[in-house]
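Me: Could you take a close look at a single part of the structure below and then show how its surroundings are built? Please spell out the cut-offs as you go.

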Amino acid sequence: MANSKAAFAFEGVNLELGGRPILEDISFSVGRGEFACVIGASGCGKTTLLRLLAGLLTPTSGTVRVGGEPVTTPSREVAVVFQDYSRALLPWRTATGNVSLALEAMDVPAAERPQRIAPLLAKVGLTDHAEKYPTQLSGGMQQRLQIARSLAQDPSVLLMDEPFGALDAMTRQSLQDEVLRIASERQATVLFVTHDLEEALYLGDRVIALYSNPGRIARMVEIPLPRPRSQLATREHPEFLRLRRELFTVMEEIHA
Amino acid sequence: MRRWRGIIVPLAILVVAEIGFRVSIGASDSLAPPSRAMVALMSALGDGTLLANTARTLAGMLGGLAIGGAAGLAAGIAIGFSETLRRASFLTIELLRPIPSVALLPLSLLIFGFGYGMEIAVVAFATFWPALILTQNAVAQIEPRLIEVARLMGLSRLETAWKIVLPAAAPRLMTALRLSAGLALVVAVTAEIVSNPQGLGHDLMIAQETLRPERMFGVLFWVGLIGWGKNAALLRLERWLFSHRGEVDTSVAA
């Protein structure tokens, strides 16, 4: 199982919480620069999977590795973007201040921070909102800010937990494309959790579908769709439609 | 015009008191009309005695508040974060907290003698508890997601306390400060009335013993003004600090 090229790997991972099995025999690895999407019904343990990788939870048995090393505690190698951006951002800090927090945690000297923050905010299109507080930003902007903050950590693995679940359809599409652009620019390894099958197909190099109770891998599918992806062309691509049909039946099984 | 409407009722009460006193009582060793109280207040302010006493009371109040508030804040954060500490201290807190702070005046007098020490000690004891309990609550109500973010970024415990916990709890801590400050003034004046021969409380006692109700009412009015001014100042500070966050906690108006 141990793959030297893997950015992260789950090796026979089981997790019980309060005697109840949450995840059962999870094994897969994701290569560097790969965009992996996890889908499943709510409560199937997909967020738990992400929390194990982030070091916020420890498996009951088995090993979670990042860069070949077992994960025991959170590390700066792994950054997380949460769905509830309004709770994950510091309301008393401006956009700049929120990004700065990640740099402060890394002991980046104060004089150096502005020149690192500006390009990050520019990357997510928040240059003109640098001195605004989160409550003065729209939901989409707040999520962009959280993404900028996670990139400030310069992580080798980026975890995203249903990051666009609370956004309207138009904002969601533009953020999907932004995340794809950022991921390809940085050749980032991404684990993206969603309950939206089409979102998973649109974004991922691979889709991992989970069964519920306990969470197990139901299906793992490579997505050979051409990149860069486009909201119209990709979603009308015959392969996209075929995979959608195939995974749709898997999802029906999952929900059944 | 509208903002002055609130002053109508207190003015009317003063006028009624003045007329009532002049019509029915005339002269008294225990009561005084507002006009004479105001004259007494002006002369007490003029000869410097009232200002000197005010400074002493404020010193006792603020000294005790600083010590009790800071200790309560630190203990509240520590207990708020550590389940072990919370369990270990629970019974002690519940046994000590109900002791009326004023009941400690004889003991405090025995230890510190007359002066600032005893007053500050009792005010500190009184304000420690609300500071502790409200800080603990404020910490408990911090968004858990923020603590998770701090962990994921690798902030140390101290950095987390300073950069996440304190600012996140700040609006509630301001409420705690307002409540504690109100209590501090009450306890400081009480200490001066009961045993410490200095400050505004002592001023009231002297007025009583020398049968000068007009000075007593004048000083009472002055104490009310101080309490009101203190509250207004803290509310302004709170608005100024937190206005941009849109999360000022005005649910408790101390």
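Reply: Happy to! Helices (H or I, at least four residues) and strands (E, at least two) are taken here as DSSP runs, numbered from the N terminus. Read that way, chain B follows the pattern α-α-α-α-α-α-α-α-α-α along its sequence, with ten helices and zero strands. Please keep in mind that this is a predicted model, in which local features need pLDDT of at least 70 and side-chain atom pairs count only at pLDDT 80 or more, while totals for chains, interfaces and linings use all residues. Residues are numbered from 1 along each chain as its sequence is written, and chains are lettered from A and ligands numbered from 1 in the order in which they are written.

The part to zoom in on is helix H6 of chain B, residues 116–140. From its first C-alpha to its last, this 25-residue helix reaches 35 Å, close to the expected 36 Å; that expectation is 1.5 Å times one less than the number of residues. H6(B) has a kink of about 25° at B:Thr127, shortly before the proline B:Pro130. The bend is the angle between axes fitted to the seven residues ending at a position and the seven starting there.

Now for burial: a residue is buried if 20 or more other C-beta atoms, placed from the backbone, lie within 10 Å of its own, exposed if 12 or fewer, and partly exposed in between. Because 19 of its 25 residues are buried, H6(B) is largely enclosed by the rest of the structure. For chain B as a whole, buried residues make up 35% of 254, and the C-alpha trace spans about 75 × 55 × 30 Å along its principal axes.

Among contacts between residues at least 6 apart in sequence, 74% join residues at least 24 apart.

Finally, the nonpolar core, a set of buried Ala, Val, Leu, Ile, Met, Phe, Trp, Tyr and Cys residues joined through C-beta atoms within 7 Å. The largest one has 129 residues, and B:Val123 is one of those that touch the most other members, along with A:Leu53, A:Ala148, A:Leu159, A:Leu191 and B:Ala184. Helix H8 of chain B (residues 157–194) gives the most to this core, with 16 residues. On the chain A side, A:Leu191 touches residues including A:Val30, A:Leu53 and A:Leu159, not counting those up to four places away in sequence.

Definitions and conventions: Two residues are in contact if their C-beta atoms, placed from the backbone, lie within 7 Å.
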